[in-house]
Amino acid sequence: EAQVTQNPRYLITVTGKKLTVTCSQNMNHEYMSWYRQDPGLGLRQIYYSMNVEVTDKGDVPEGYKVSRKEKRNFPLILESPSPNQTSLYFCASSSPDESYEQYFGPGTRLTVT
Amino acid sequence: AQSVSQHNHHVILSEAASLELGCNYSYGGTVNLFWYVQYPGQHLQLLLKYFSGDPLVKGIKGFEAEFIKSKFSFNLRKPSVQWSDTAEYFCAVNAADSGGYQKVTFGTGTKLQVIP
């Protein structure tokens with residue numbers, strides 16, 4: 001089954017404690033992205049990757065890092081989380097072969113206290 | 001930079017009413033256009049997409065959208081909504097950025113509430 005998986009699904013942490021949210025896709029997609037979803041603001045792109053070792057900033061990259069060492073994985077790293085990063089995070093993958101239709105993961109709800 | 005506007009933030013309809021959600025984008029080049037739906041507590045799923053050809057595209061669950069290039073619009077329609085259509089709807093545009101890479105931009109979403 002074609003899917004995008006994220007872990008963990010829920011996470012409560014404290015300010016400053018480094019965390020990683022994993023994302024994996026099994027569709028051999030070239031593109032992968034991270035979004036955050038906040039009420040009234042829709043989805044905002046944090047980072048995206050066009051292929052292995054190729055990443056670029058989205059609209060709200062501050063406070064986040066990513067890496068793309070393998071085609072299937074695209075982890076999101078918060079080196080020093082702050083309360084304003086409390087949000088719902090989605091990973092997505094896409095391919096030019098499918099007109100860049102986004103396939104979304106189930107989401108990670110992060111709370112930073 | 002490309003942008004996407006969804007003017008209706010919250011829409012309340014009775015069952016069987018017709019639906020039209022507006023979406024306008026700002027980008028002069030070639031675009032791929034999408035509508036995604038997010039049911040309560042779930043992730044986004046594709047409703048329909050346009051990339052070329054017939055500007056009237058049909059999606060799942062009776063939804064359709066019309067691409068009007070001259071108006072930079074891609075409005076979503078459904079003739080008769082059901083209670084199960086209660087969800088949040090996002091318009092999205094995919095286009096090449098200044099570096100030639102494909103970038104997707106989402107609108108802020110429209111919450112649809114259908115009253116039985």
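This report describes disulfides, aromatic pairs, paired strands and a cavity in a predicted model.

## Basis of the description

The model is predicted, and local features need pLDDT of at least 70, side-chain atom pairs count only at pLDDT 80 or more, and totals for chains, interfaces and linings use all residues. Residues are numbered from 1 along each chain as its sequence is written, chains are lettered from A and ligands numbered from 1 in the order in which they are written, and side-chain values use heavy atoms, with hydrogens and water left out.

## Disulfides

A disulfide is a covalent bond between the sulfur atoms of two cysteines. In this report the term denotes a pair of cysteine sulfur atoms within 2.5 Å. Over all chains, a search of the whole structure finds two disulfides. In one of them, the sulfur atoms of A:C23 and A:C91 are 1.8 Å apart. The torsion about this S-S bond is about -70°, so the disulfide of A:C23 and A:C91 is left-handed. A:C23 belongs to strand β3 (residues 19–25) of chain A and A:C91 to strand β9 (residues 87–94) of chain A, so the pair ties together parts that are 68 residues apart in sequence. Strands, like helices, are DSSP runs numbered from the N terminus (strands: E, at least two residues; helices: H or I, at least four). A:C23 is buried at 2% relative accessibility, and A:C91 is buried at 0%. Here, buried means under 20% relative accessible area, exposed over 50%, and partly exposed in between (1.4 Å probe, protein chains only).

In chain B, a disulfide joins B:C23 to B:C91, with an S to S distance of 1.9 Å. The torsion about the S-S bond of B:C23 and B:C91 is about -65°, so this disulfide is left-handed. B:C23 lies in the loop between β3 (19–21) and β4 (24–26) of chain B, while B:C91 lies in strand β10 (residues 87–96) of chain B, so the pair ties together parts that are 68 residues apart in sequence. Both B:C23 and B:C91 are buried.

## Aromatic pairs

Rings of Phe, Tyr and Trp (its six-membered ring) pair if their centres lie within 6.5 Å; planes under 30 degrees apart count as stacked, over 60 as edge-to-face and the rest as tilted. Over all chains, a search of the whole structure finds 13 aromatic pairs. One of these is the edge-to-face pair of B:Y25 and B:F72, with 5.6 Å centre to centre and 75° between the planes. B:Y25 lies in strand β4 of chain B and B:F72 in the loop between β8 (64–68) and β9 (73–78) of chain B, so the pair ties together parts that are 47 residues apart in sequence. B:Y25 is buried, with a relative accessible area of 6%, whereas B:F72 is partly exposed, at 35%.

B:F34 and B:Y36 form a stacked pair, 5.8 Å centre to centre, with 25° between the planes. B:F34 is buried at 1% relative accessible area, and B:Y36 is buried at 0%. These two residues belong to one aromatic cluster, which is formed by A:Y35, A:F90, A:F104, B:F34, B:Y36 and B:F106.

## Strand β5 of chain A and its partners

Strand β5 (residues 42–51) of chain A is mostly covered, since eight of its ten residues are buried. Two strands pair if DSSP finds at least two bridges between them. Seven bridges join β5(A) to strand β4 (residues 31–38) of chain A, and the two run antiparallel. Within this pairing, A:W34 stands opposite A:Y47 in β5(A). The two strands form a hairpin with three residues between them, and A:G40 in the turn has a positive phi of about 80°.

Strand β6 (residues 54–57) of chain A also runs antiparallel to β5(A), joined to it by four bridges. Here A:Y47 stands opposite A:K57 in β6(A). The hairpin of β5(A) and β6(A) has two residues between the strands, and A:E53 takes a positive phi near 65°.

## The cavity

Rolling a probe the size of a water molecule over the atoms shows where empty space is left. On a 1 Å grid over the protein atoms alone, a cavity is a set of points where a 1.4 Å probe fits but cannot get out, and lining residues have an atom within 4 Å of a point. Grid points are joined across faces, edges and corners, and a volume is the space filled by probe spheres set on the points. The structure holds one cavity of 30 Å³ or more, and about 50 Å³ of space lies in the largest cavity.

The lining of the largest cavity includes A:Y31, A:Q45, A:Y48, B:N94 and B:K103. β4 and β5 of chain A, together with β11 (102–106) of chain B, each supply at least two lining residues. β11(B) gives the most, with three residues. The lining divides into three nonpolar, six polar and one charged residue. In this division, Ala, Val, Leu, Ile, Met, Phe, Trp, Tyr, Cys and Pro count as nonpolar, Asp, Glu, Lys and Arg as charged, and the others, Gly among them, as polar.

Technical notes:
On a 1 Å grid over the protein atoms alone, a cavity is a set of points where a 1.4 Å probe fits but cannot get out, and a pocket is an open set with protein on both sides within 12 Å along at least five of seven lines; lining residues have an atom within 4 Å of a point.
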